[in-house]
Amino acid sequence: MLFIASALIALALAPSYLAISLAAPDQPAAQPDAKGAPDDAISIARSQMLVTQLAPLLAGSSSPSTIIMRALGERPSGVAITHISYKAADQSSTGEIQLVGTASRERVAAYRDALTADHTFNSVSVPVGALVGADGGHFSITIDGNF
Amino acid sequence: MPRFAYLSWVSLAASVALLGALIYGALSIQSSALDRANEIAQSAQESDKSAYNERLHSLAAETKDERAQLDTFAHMDIVTLVQMLEDVGKKTGTGAQVSDASAAGNGVALPGGENLQPVVFTLSAKGSFQQLMRAVSLYERLPLAVHIDDLDIEHDPDTDTAPATGWHMTARIRVTSVTQTSL
């Protein structure tokens, strides 16, 4: 009886054994061309890093010469500029241009109004002394903006 | 012992042996199945790795020229940078001279061992206002990762009689490049 049971179990297991034994062996996996892979990976990672670091410099930089010429372009006749100071925006502050020169208080006020009307600039400030003529015609204008 | 009993014992022994063989066979099948599953998983992993390497290699080949251009753009030694900045002075007649160069921050380590380092150059130039503005414009367009941090342009009252050279400029220009010179 036990013999017959064993034979039946053997018969039941036979298909599983045959299935595993006769299954076509897997094709050996194509060996990856690992020779140049690390170099390629490093080179591509390096380029990605360069692009990440340099792209903001190339895309975000405004043109100082354009901004300065724009600020000077708003100048009414009779306003003489003798000193221009430009500071680009950084992580902690916006860009700033300071214009120093000589003009009558009416011209200074007109220049301030013209700069204020230009939406390139966020804010324009002039010391009160320059507007009342207390500085002997000397004035300074400070312009803030995203440049 | 009767013959029948003898055959029964022999049959029992054979059955037990056969049962043992079956248990061994079943365990062997289970082990083979596990091995096969592992082989399949490993094969799939290697296949994925191979495909990844092929894509990587293909990407590297396709972008070879662009990466070479990027390297040329970013890879400048200090002497070349100074020469480029001073050449602008010669071209515009402002005689721009670099007076100082200093590293800004620690830079960024690149894969492969180099360092991407911002360097701030301080330079001064003289000329007419138009000449100085042209120089600034050229600095903006240099084929470098260049950023003009500060400009100070002042009219020299002593040169009123010679307006062509009546302005003086001090500029701080930041160039980010892969440099190998310590500053």
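This is a predicted model: local features need pLDDT of at least 70, side-chain atom pairs count only at pLDDT 80 or more; totals for chains, interfaces and linings use all residues.
Two strands are taken to pair when DSSP finds at least two bridges between them. In chain A, A:Tyr86 has A:Ile97 of S2(A) as its bridge partner. The strands concerned, S1(A) and S2(A), the latter spanning residues 95–102, are antiparallel and joined by seven bridges. S2(A) also pairs with strand S4 of chain A, residues 138–145, again in the antiparallel sense and here over eight bridges. Within that pairing, A:Leu99 meets A:Ile141 of S4(A) as its bridge partner.

The pairing of S1(A) also reaches across to the other chain. Strand S4 of chain B, residues 145–155, runs antiparallel to S1(A), and five bridges connect the two.

On the chain A side 43 residues take part, and they are in contact with 48 residues of chain B. At least two residues of this side of chain A come from each of helix H1 (2–22), helix H2 (37–60), helix H3 (64–73) and strand S1 (80–87). H2(A) gives the most, with 15 residues. By residue class, the side of chain A that touches chain B comprises 26 nonpolar, twelve polar and five charged residues.

Turning to chain B itself, the domain assignment places domain 1 at residues 3–62 and domain 2 at residues 76–178. The C-alpha centres of these two domains of chain B are 72 Å apart.

Methods: Residues are numbered from 1 along each chain as its sequence is written. Chains are lettered from A and ligands numbered from 1 in the order in which they are written. Two residues are in contact if their C-beta atoms, placed from the backbone, lie within 7 Å. Helices (H or I, at least four residues) and strands (E, at least two) are DSSP runs, numbered from the N terminus. Ala, Val, Leu, Ile, Met, Phe, Trp, Tyr, Cys and Pro count as nonpolar, Asp, Glu, Lys and Arg as charged, and the others, Gly among them, as polar. Domain bounds come from an automatic or database domain assignment.
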